[in-house]
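Dear colleague,

Please find below the structure that I am handing over to you.

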Amino acid sequence: MTTGNVTNAETLRADILRHLTFTMGKDAPHASAYDWRLALSFALRDRIVEPWFAATRKTWETGAKRVYYLSMEFLVGRLLEDAAINLGLRDAASVAMAGLGVDFAALVGDEPDAALGNGGLGRLAACYMESMATLGCPGYGYGIRYEHGLFRQSIEHGQQREQAENWLTQRHPWEFERPESAYTIGFRGEVTRRAGRAVWTPGETVRAEAHDTPVIGWGAKWANTLRLWSAKPTALFDLARFNHGDYAAAAEPEALARTLSRVLYPDDTTFAGKELRLKQEYFLVSAALQDILRRHLAGGYALTDLPAHAAIQMNDTHPALAGPELVRLLVDQHGLGFEAAITIAVACLGYTNHTLLPEALERWATYLMGSVLPRHMQIIEEIDAWHAARHPTRPHWVGIVKHHEVRMGDLAFITAHKVNGVSALHTELVKSTLFPELSALHPGRVVNVTNGITPRRWLKMANPALSGLITRSIGPGWEADLDRLRGLEPLADDAGFRADFAAAKAANKAALARWLRETQGLTANPGAIFDVQVKRVHEYKRQLLNILQAVAHWQRLRESPGDAVPRLRIFGGKAAPGYHAAKEIIRLINDVASVVNADPKTRDLLQIVYPENYNVSMAERLVPAADLSEQISTAGKEASGTGNMKFALSGALTIGTLDGANVEIREQVGAEDFFLFGLTAAEVADRRRNPDHAREAILASQPLQDVLQMIAEGRFSPDEPGRYHGLVHNIWHSDYFLVASDFAAYDAAQARVDAAFADPDRWWRMAALNTARMGYFSSDRAIGEYMTGIWGAASAP
């Protein structure tokens with residue numbers, strides 16, 4: 001350790017002890033892991049505050065344009081080690097804690113994951129916030145401070161069960177409460193006309209209160225703010241009801257208000273659930289936009305200058321009410337005319353589309369919208385009429401309000417000056433299939449920004465074995481310039497480097513095997529292929545295809561094991577509580593695992609495991625240890641993906657379809673280092689035109705027939721033989737996501753994986769080249785493209 005690091009460790013140690021005493025109220029002999037973790041977190045947070053304040057002052061002084069990123073999710077994960085690494089104090093923190101007799105790694109593991117997201121959408125938002133800070137782009141992230149997140153998943157008897165997340169039962173040391181930054185949010189009520197202007201009198205109100213978390217960039221040169229809103233009642237407590245003995249009713253205002261910020265994505269299969277989701281989305285955008293306008297006016301700027309000082313990005317369709325709300329604020333509260341207000345709104349707003357699934361492009365019944373947000377329903381209709389008048393050739397079936405529904409995707413498109421897809425293929429499909437008519441009316445509005453991931457978390461922090469090898473091989477600095485990984489390419493032909501690369505992977509696999517033994521009771525073979533598919537469970541992501549092929553593989557092993565390559569299949573991910581088909585797939589995977597793992601003939605060659613409650617921290621265990629990355633969605637359905645990038649960056653080879661960012665990953669790493677299979681997006685569309693495509697594909701594949709027969713007969717559910725009759729029937733007679741049509745090609749691709757893994761020189765060369773060629777997928781590159789192509793923002797001086 002250098003002299004500077006020793007000094008840092010000594011100073012940090014003193015600050016930790018100060019916070020232990022004066023913030024936590026404990027002395028060292030009586031401190032728990034929780035006390036030590038918070039003391040360390042506060043000491044690190046102290047070191048973030050100075051660059052955070054400096055960045056804020058610089059932004060005010062220069063009048064720099066700010067970026068405002070609106071997202072229903074920010075899946076930030078644990079923050080302690082992430083902050084230490086970006087501050088350059090990871091080693092100092094470890095030394096300081098060791099000097100106090102405390103294991104730094106144990107403190108990192110003690111931190112709960114912030115339950116602020118679900119999957120790729122939220123993790124992308126977190127990566128982008130970190131890259132904005134790294135690039136010195138002034139910005140705010142706006143989200144909701146969910147008390148209970150999506151849910152905590154448990155697996156009981158093979159089935160998913162949902163419990164409330166409890167991350168906020170402990171103090172969250174990274175945030176600052178901002179009670180002075182609070183805004184009133186209205187719902188329902190009535191709209192009247194006074195002096196020729198609309199006046200909305202809400203029937204319900206809540207307060208949005210801010211909680212700020214500083215986001216420090218690499219090298220601690222700049223920090224931005226993640227501002228999360230919690231819902232509070234405007235009338236806190238009804239003392240009169242309490243004094244009359246109606247205790248529950250007395251607390252009702254607080255309970256109803258807090259409902260808005262309790263749970264991410266409440267089940268919307270009921271009318272009450274739909275109403276709550278709509279209220280949540282409006283709660284976020286209204287609080288954010290009121291805050292943005294307050295900050296803009298505090299700078300002394302005219303409202304007509306808002307586009308020069310604020311870029312507002314809608315992360316998917318959830319914040320699509322930003323357009324109508326900004327118009328409402330400008331017209332109703334600040335007196336602008338509609339034409340001026342909508343012009344300002346469009347100039348400020350950008351819209352990132354993340355899905356090609358029609359059901360994910362939210363549509364709200366006009367009755368619901370008009371009841372919950374009556375003024376906004378009027379403004380939405382006015383925006384729709386304004387757009388139709390400006391584009392007289394607009395087809396009659398195109399528009400925001402159609403068939404008694406408000407189409408939020410169309411609303412977001414029309415109120416944004418730029419709409420971006422998140423991979424090259426996805427962007428073309430946004431133009432050609434999702435919004436073809438609107439794209440034709442607005443040439444140049446749809447652009448591409450392929451997703452990216454932060455290398456600081458996903459390589460430097462999550463994979464120290466590999467990142468250490470990289471630094472020894474090409475020197476430091478690649479963390480902020482990921483294209484430098486290309487310097488590893490020549491080393492892929494060096495036997496010594498390949499051995500070191502394989503050793504780093506082996507260390508990660510051994511660590512994961514220990515964790516699986518401790519948490520799952522599974523004794524894994526570290527020499528097996530660690531084959532990983534972890535992501536939100538959805539039919540289009542085709543976890544079903546994976547488990548069906550696993551059954552076919554198991555049957556072949558039983559019949560003729562030969563020189564089979566051992567394999568551990570790891571699944572993970574949550575299904576939406578109301579998504580029965582996805583939850584049935586989870587149960588099938590676990591039922592198959594119970595049978596396969598107990599088979600004495602094959603258990604040394606094939607194991608299957610489904611760790612519960614997949615989150616960022618689990619991903620940080622799985623990604624570095626994976627040999628094979630399963631990216632097997634139906635072509636034309638995945639917008640981009642970011643898990644595919646994380647795995648490839650850590651040297652996992654990809655088995656996948658030409659879908660989402662897989663296309664660009666394959667272009668970057670080379671076709672020969674990617675296990676491609678399956679129909680293309682065009683072929684998928686063509687195949688669906690054949691009503692018998694599923695039956696024909698099954699009849700052409702004896703292995704698939706055998707697998708479906710076993711499942712239908714109850715081989716994996718002997719206690720309930722008919723458990724999966726519906727699932728099997730769907731594959732035979734519908735199979736919308738073309739599992740059967742891609743099965744044979746997937747099975748063949750898996751055989752190619754086995755053959756490559758059996759040749760270590762070939763495998764480790766391929767793995768090293770995957771890492772070396774992933775520089776393009778840095779979130780720094782993506783944010784740079786947003787800054788120049790969409791936001792018109794610049795890095796601060």
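The notes below concern aromatic rings, charges over rings and one serine.

Please bear in mind that this is a predicted model.

Aromatic pairs come to a count of 24. In one of them, the ring centres of Phe271 and Tyr367 are 6.5 Å apart. The planes of these two rings meet at 40°, which lies between the limits of 30 and 60 degrees, so the pair is classed as tilted. Phe271 belongs to helix 10 (residues 271-298) and Tyr367 to helix 14 (residues 366-372), so that this pair links distant parts of the chain, 96 residues apart. Phe271 is partly exposed, its relative accessible area being 45%, whereas Tyr367 is exposed at 60% relative accessibility.

A single aromatic cluster is formed by Tyr68, Tyr140, Tyr142, Tyr183 and Trp229.

Over the ring of Trp458 sits the charged end of Lys646, 4.7 Å from the ring centre. Over the ring of Tyr776 sits the charged end of Arg781, at 4.1 Å from the centre.

Finally, I would draw your attention to Ser261, which is placed in the loop between helix 9 (252-258) and helix 10. Ser261 has a relative accessibility of 1%; because this is under 20%, the residue counts as buried. A polar atom of the Ser261 side chain lies 3.1 Å from the backbone nitrogen of Ala231. Residues touched by Ser261 include Trp229, Ser230 and Ala231, as well as Ile144, Arg145, Tyr146 and Glu147; Trp229 is also a member of the aromatic cluster described above.

With kind regards

Definitions and conventions:
Residues numbered from 1 in each chain as written. Predicted model: local features only at pLDDT ≥ 70, side-chain atom pairs only at ≥ 80, totals over all residues. Heavy atoms only, no water. Phe/Tyr/Trp six-rings, centres within 6.5 Å; stacked < 30°, edge-to-face > 60°. Helix = DSSP H or I, 4+ residues; strand = E, 2+ residues; numbered from the N terminus. Buried < 20%, exposed > 50% of the residue type's maximum accessible area, 1.4 Å probe, protein only. Lys NZ or Arg CZ within 6 Å of the ring centre and 35° of its normal. Polar contact = N/O pair within 3.5 Å; in protein donor to acceptor, adjacent residues only side chain to side chain. Contact = heavy atoms within 4.5 Å. Lists of a residue's contacts leave out its neighbours within four places in sequence.
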